Amino acid sequence: MTGFGTTARTSSHPTTVSMGAFDGTLSLSEGGIYTDNGATLAARTVHGVEVEADNYDAWVAAGQAYAYVLGSIVQLTDDDTHSYIAANVNGGRISIIRDDNVRISTPTAGSFPELAAGTDTIEYSDLYGQSVAAGNASGSVLSNSPFSNRYLMYAAGQRAFGQALGHSQERTRPQQFVYDAIHDFAFGYEQSVDNAAETSNSGFAHGVLSRPDLPSSVSLLTTCSAVGSANQEMLWKAATELTDVKNTIGEPWRNLETKFQRAALFWRLQGKHFVAGPLRHNQGEGNINRSKANHLAGLAQFRDDWQALAKSMNSLRSTGGFVGKAPFIVTQTCSGARYGFIASEVPWAQLQINVDDPTSALCCGPTYDQVYAADGVHLLALGQEMQGARQAVAYNAWLRGEYWHPLAVRKDAGFEPVRVGSTVTLRLYNHFSLPLIFDTTTITGLGANQGFTWHDNGDGNTVSVTNAVITNNTTITLTLSDVPTGTGGSIDIAMNAASGADSGPSSGNRSTLRTNGSGITTRSGRAVEHFICIDRVTL
């Protein structure tokens, strides 16, 4: 669908709908004031606060902030870290103030497009990471027009960064948020700003909103808070390294918080549920030489910070999926070879966080099958679209309450990889039990090993993988050139590449193994298949 970007409405007295798990109960005191026909003019809440029935009100009770919105009481915060010391509505703006004197506010009215009829829930998802997340070098914009009246962004664009409107690089153009730049909303699409264009946001939104069993009452809001060339230390909430030329610490996360908090307040004042969907993380090159354990710990910090932010604004899921969670989704970094690290442990950590707890963190898999830009590092627009679609597949499974795993080798009890002589058997996670194929049309130049190689400590004989066979849709059988004599034997997956090679299907670290026949397509009509994750499997 097109043409959604032109119609907007301004709301100063939104229609109130049932607030579900976020709702309070309006309790009338005996001294309530009524008109002749019984309509309530004023009432006293369960917290002892008198509110006017034709207006907004806000207050603090037991350290948390509440608001009264035309008949419903909404708990705005549920913060374990901070108490709130003040909440008020004044001059057309609602403000809440924390005990560290941080002020969170939004106008009580604003412009936004006419959403699909029946919309009662806004789900929020931010794309957080480095330049690959920001869409740098992605070429011509693919999703250059709105496609759904259930998909929103801040009117400044996917990358709503204050004075540098739409710019993706906080290090290049550091700024503080300008309130007016992020208040109003528009239907979502992609736009090109300097060297940044297509992000995975529109691909993700299309994949989520195309899910047949997603309630029609749900609309989606996405933003992008990416920082070019950032490492984990720059992006953490408690950042330990300088993030930009202004020498500010933690600015990327504060910007993300600002967008999230203001959206939560605004949409609740429109009478909508506001729910934290996934924080989608695309980063790794900045830490490409980090150990699996260290990178995994950093990813866990992002997951926990996102969970805490969602909880602080009372935005954790209360129905569907995994109740009380705000999921974290990572994409496997596929540029290890480009940076000279054939066996980078970063992708292994990105897979492991999903294995450890699929109720809170998901891995959508690799993107080495997509065509990369001339720099051999950044995805082109079609690759960004596919990345977003794969993020949506993982999230949709999570929304159904399923334990999502990308296509990867299982290592859990009873499914351990096994070597008997020169034969290796690998069991796989294959979430939808789809057929498997070796796609030698998309992935080229690998030969008989299909992207599976032998690795050991170098203290034995020379061994190679001479054949790979798909036994069934959950089992792969490999044949080795000889019975290994070395110690520390393992199978490396999707690591075949020369040091310094460009990322991508013909030169980067890659494998031909993928699912086949998902029945899911991107907005541009391409089949969404899943290639096997980059991994090292100890035998």
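**Cavities**

I began with the second largest cavity, which is lined by Trp404, His405, Pro406, Leu407, Asn430, His431, Phe432, Leu434, Thr515 and His530. A cavity here is a set of points on a 1 Å grid over the protein atoms alone where a 1.4 Å probe fits but cannot get out, and lining residues have an atom within 4 Å of a point. The volume of the second largest cavity is about 50 Å³. I note that a volume is the space filled by probe spheres set on the points, with grid points joined across faces, edges and corners. The lining splits into 5 nonpolar, 5 polar and no charged residues. Classes: Ala, Val, Leu, Ile, Met, Phe, Trp, Tyr, Cys and Pro are nonpolar, Asp, Glu, Lys and Arg are charged, and the others, Gly among them, are polar.

The model is predicted; local features need pLDDT of at least 70, side-chain atom pairs count only at pLDDT 80 or more, and totals for chains, interfaces and linings use all residues. Residues are numbered from 1 along each chain as its sequence is written, and side-chain values use heavy atoms, with hydrogens and water left out.

I counted cavities next: the structure holds 4 of 30 Å³ or more.

**Whole chain**

I looked up the totals. The protein chain has 8 helices and 28 strands. These are DSSP runs numbered from the N terminus, helices being H or I of at least four residues and strands E of at least two. Of the 539 residues, 59% are buried. Buried means under 20% relative accessible area, exposed over 50%, partly exposed in between, with a 1.4 Å probe and protein chains only. I also checked contacts (heavy atoms within 4.5 Å). Among those between residues at least 6 apart in sequence, 72% join residues at least 24 apart.

**Ser138**

Is Ser138 buried or exposed? Ser138 counts as buried because its relative accessibility is 1%. Ser138 sits in the loop between α1 (131-134) and β13 (151-154). Neighbours within four places in sequence aside, Ser138 contacts Ala197, Glu198, Leu379, Leu380, Ala381 and Gln384.

**Sheet β5-β6-β7**

I traced an open sheet of 3 strands, ordered β5-β6-β7, with antiparallel pairing. Two strands pair if DSSP finds at least two bridges between them. β5 (56-61) and β7 (72-75) are the edges; each has a single partner strand, so one side of each lacks a neighbour in the sheet. The twist averages 25° from one strand to the next. Axes are lines fitted to C-alpha atoms, for helices over the stretch in contact, and angles run from 0 to 180 degrees between N-to-C directions. β5 pairs with β6 (residues 64-69) over 6 bridges, antiparallel. Val60 has Ala65 in β6 as its bridge partner.

**Sheet β8-β9-β10**

I then found another open sheet of 3 strands, in the order β8-β9-β10, again antiparallel. β8 (84-90) and β10 (103-107) are at the edges with a single partner strand each, so one side of each has no neighbour in the sheet. The twist averages 10° from one strand to the next. β9 (residues 93-98) pairs with β10 over 5 bridges in the antiparallel sense. Ser95 has its bridge partner, Ser105, in β10. Which helix packs on this sheet? Helix α5 (residues 251-269) does, touching β9 and β10. The direction of α5 makes about 40° with that of β10.

Methods
On a 1 Å grid over the protein atoms alone, a cavity is a set of points where a 1.4 Å probe fits but cannot get out, and a pocket is an open set with protein on both sides within 12 Å along at least five of seven lines; lining residues have an atom within 4 Å of a point.
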